[in-house]
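Hi,

Here is the structure I promised to pass on. Have a look at it first, and then read my notes on the aromatic rings and one of the helices below.

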Amino acid sequence: MKVLKIIYVVALSICAIQLFQFLFGSNGIFYSFKDALFTPAKDGRIISISSHYNFDSNYVKVLKLLSKLNTIGYFISLIGTCVSPSFYKMDRKTKYIIGISFFIASLVFSLITGPIWVHLLQKSYSG
């Protein structure tokens with residue numbers, strides 16, 4: 001039980017750091033919002049209404065969708081790990097197992113499936 005608690009605390013701290021970086025890092029969500037909201041528009045800058053339309057193949061569209069789903073899954077797994085201490089009505093062992101499971105899911109999303117989708121997208125655009 002003590003080893004499980006140590007693994008849980010390490011997993012929780014790693015996920016908290018990753019979540020903070022995901023939200024507030026240099027390429028984070030809030031940085032992107034701030035950059036879009038407070039960067040003055042340059043002269044002659046035209047925003048096209050049809051800019052989100054592209055002529056990619058269905059294969060590339062599916063890869064982009066899977067990449068977005070991977071990012072959403074990564075974010076949800078980080079949130080799940082960081083919220084797991086609030087399960088105070090559960091017994092400790094179940095809470096630790098849920099937190100560690102979310103941590104393992106975040107590792108899978110960030111280290112395995114994420115690079116696969118990025119590699120397949122780069123491969124489809126280059127060749």
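Is Phe 75 buried, partly exposed or exposed? With a relative accessible area of 27%, Phe 75 comes out as partly exposed, since buried would need a value under 20%. Bear in mind that this is a predicted model.

Now for the rings. There are four aromatic pairs in total. In one of them, the ring centres of Tyr 8 and Tyr 96 sit 4.8 Å apart with the planes at 35°, so this pair counts as tilted. Tyr 8 belongs to helix H1 (residues 2–24) and Tyr 96 to helix H4 (residues 92–126), so the pair ties together parts 88 residues apart in sequence. Tyr 8 and Tyr 96 are both buried.

Phe 75 has a ring partner too: its centre is 5.4 Å from that of Phe 22, and with the planes at 35° the pair is again tilted. Phe 22 is in H1 while Phe 75 is in helix H3 (residues 58–83), so here the parts tied together are 53 residues apart in sequence. Tyr 74 joins Phe 22 and Phe 75 in a cluster linked by ring pairs.

A few words on H3 itself. Its 26 residues should span 38 Å at 1.5 Å a residue, and the end C-alpha atoms are 37 Å apart, which agrees. The buried residues of H3 include Val 60, Leu 63, Asn 70, Gly 73 and Tyr 74. H1 and H4 are among the parts that cover the buried residues of H3.

Cheers

Conventions. Residues numbered from 1 in each chain as written. Predicted model: local features only at pLDDT ≥ 70, side-chain atom pairs only at ≥ 80, totals over all residues. Heavy atoms only, no water. Phe/Tyr/Trp six-rings, centres within 6.5 Å; stacked < 30°, edge-to-face > 60°. Helix = DSSP H or I, 4+ residues; strand = E, 2+ residues; numbered from the N terminus. Buried < 20%, exposed > 50% of the residue type's maximum accessible area, 1.4 Å probe, protein only. Expected span 1.5 Å × (residues − 1). Contact = heavy atoms within 4.5 Å.
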